[in-house]
Amino acid sequence: RGVTAAAASAETMEAPQTVPTLPTWEELRQELLDTSHGAALAARDQRRDEGLAPHTDAKVRYFGQGRGKPRVTLYRDQAAWCPYCQKVWLLLEAKGVDYEISKVPMRSYGDKPDEFLQKVPRGLLPAIEIDGRLMTESLDIMFTIERVFSDAARPMFPPAPGPERVRATQLLELERALFGAWCGFLFRPEVPFIGGNLNDFEAALSQVDKELASGSTDSPWFLGHAHPTIVDMQYVSHVERMVASALYFKGYDIRGKFEHIDKWLVAFEKLPYYMATKSDYYTHCQDIPPQYGQPFESGSDEAERSRAALDPRGSSLPLRWEDDPEPLTHEQRERPVEEFKAEAAWALVRNSAAVAKFCCRAAGGGVGDWGRGNPTRSALSDPYARSAQDLVGPVSEALRAVAKSLVDQRFCDFE
Ligand SMILES: N[C@@H](CCC(=O)N[C@@H](CS)C(=O)NCC(=O)O)C(=O)O
């Protein structure tokens with residue numbers, strides 16, 4: 001860009017702009033650390049590395065004083081896209097049970113290591129070890145965690161037989177019905193005029209919304225406690241995916257249509273540990289097809305509009321968050337935009353070598369080989385593609401310019 005600007009100004013006989021010097025990654029790191037946002041991000045990273053903050057990259061989590069090897073190991077998918085892993089992860093966080101994390105790719109994103117397949121021959125995630133005993137099946141895992149680490153003052157499921165337990169059990173059944181209706185809505189062709197798949201999905205959502213409305217007025221949660229329970233966790237990971245996919249593939253706005261579901265999601269969004277597990281709409285819409293199959297896209301105006309607005313290929317700068325169909329959380333709305341820019345720059349600085357290498361895969365060797373002809377393998381994943389080594393240096397330099405622009409408006413304005 002600097003060279004182009006100099007050439008352009010030579011043609012027009014204007015005084016050439018001074019080409020700003022690009023800082024090194026280390027200089028960028030220091031520059032960020034000298035700001036309050038950067039210092040806060042470094043402190044956050046340190047807490048995460050010590051296991052004291054929820055984060056997708058945390059390798060261990062401690063809630064008490066002890067710093068030894070936790071009794072629990074959670075085997076979770078690498079990219080934090082597996083909804084069944086998310087439920088278990090949320091429960092451990094909500095209960096404050098110390099745990100270690102071992103990441104394993106889902107089959108759509110890579111091959112599972114042999115050590116994991118020896119433990120879990122079918123390869124299913126999540127899996128958990130409690131005191132060295134391994135188990136699978138997310139709901140069984142959640143009930144086992146609740147039993148082994150019971151806390152009578154904060155029950156995660158009604159412990160005694162009675163009406164509350166009956167209702168909690170019925171709510172778990174309703175969740176499976178909602179899941180089935182979502183699958184019908186997304187993965188079966190649309191029925192013209194009758195609206196069959198939509199009607200079933202909408203009826204299930206209405207039922208869920210009614211259940212959320214029927215509880216205590218002080219509590220947004222299904223069972224009326226001050227905290228979310230296993231019932232809420234059982235729902236939220238798939239509702240998160242339903243909200244994103246219904247909008248993107250069908251133009252159907254669940255949060256706009258169902259007030260109590262929306263309030264319940266807002267309550268989740270106030271929990272830092274939920275936010276650490278949450279994904280964004282676009283990511284969900286890309287990670288659903290290799291895992292579940294390709295949804296049927298609606299051609300309605302609403303669907304076309306949502307897709308265009310959510311797909312980054314259609315975006316132009318400056319981004320207008322007010323128009324984004326994915327709502328910001330209350331906490332995100334309160335934060336100044338500089339904080340987000342600093343966070344993005346910090347992420348680039350911390351991971352610069354890996355990001356540059358990743359960017360250069362598209363021009364490298366073996367691109368697309370792994371996923372070719374197999375729709376259950378994500379075409380975007382390509383774990384064995386080799387980066388074009390000769391491009392890593394220039395790409396890294398371009399990324400330094402991006403990072404610098406994020407924290408220095410003057411650099412951004414340079415033409
Ligand atoms: N019923 C199981 C379902 C678990 C499941 O379907 N897990 C998926 C990921 S979301 C899986 O491990 N699939 C194999 C893979 O992708 O490698 C549970 O509740 O834990």
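Me: In sorting a lining, Ala, Val, Leu, Ile, Met, Phe, Trp, Tyr, Cys and Pro count as nonpolar, Asp, Glu, Lys and Arg as charged, and the others, Gly among them, as polar. How does the lining of the largest cavity divide by class?

Reply: The model is predicted: local features need pLDDT of at least 70 and side-chain atom pairs pLDDT 80 or more, while totals for chains, interfaces and linings use all residues. Residues are numbered from 1 along each chain as its sequence is written, and side-chain values use heavy atoms, without hydrogens and water. By class, the lining of the largest cavity has 5 nonpolar, 2 polar and 4 charged residues. Among its residues are Val243, Ala244 and Leu265, and also Glu240, Arg255 and Lys278.

Me: What makes a space a cavity and not a pocket?

Reply: On a 1 Å grid over the protein atoms alone, a cavity is a set of points where a 1.4 Å probe fits but cannot get out, whereas a pocket is an open set with protein on both sides within 12 Å along at least five of seven lines; a lining residue has an atom within 4 Å of a point. The search of the whole structure finds 1 cavity of 30 Å³ or more. About 70 Å³ of space lies in the largest cavity, where volume means the space filled by probe spheres set on points joined across faces, edges and corners.

Me: Which element gives the most to the lining of the largest cavity?

Reply: Helix α9 does, with 3 residues; helices are DSSP runs (H or I, at least four residues), numbered from the N terminus.

Me: Why is the second largest pocket said to lie between two domains?

Reply: Domain 2 (55–148) and domain 3 (163–320) both give residues to its lining, so the pocket lies between them; the bounds come from an automatic or database domain assignment. The volume of this pocket is about 580 Å³. Of its 22 lining residues, Cys82, Tyr84, Met106, Leu124 and Leu125 are the closest to the centre. Helix α6 gives the most to this lining, with 3 residues.

Me: Which residues surround the ligand?

Reply: Those with a heavy atom within 4 Å are counted, including Cys82, Tyr84, Met106, Leu124, Glu137 and Ser138.

Me: How do you know that a pair of atoms is a polar contact?

Reply: The pair must be N or O atoms within 3.5 Å. An oxygen atom of the ligand is 2.2 Å from an N or O atom in the side chain of Lys112. A polar side-chain atom of Ser138 lies 2.6 Å from a ligand oxygen atom, and a backbone N or O atom of Leu125 lies 2.8 Å from one.

How values were computed
Helices (H or I, at least four residues) and strands (E, at least two) are DSSP runs, numbered from the N terminus. A polar contact is a pair of N or O atoms within 3.5 Å; within protein, one must be able to donate a hydrogen and the other to accept it, and residues adjacent in sequence count only if both atoms are side-chain atoms.
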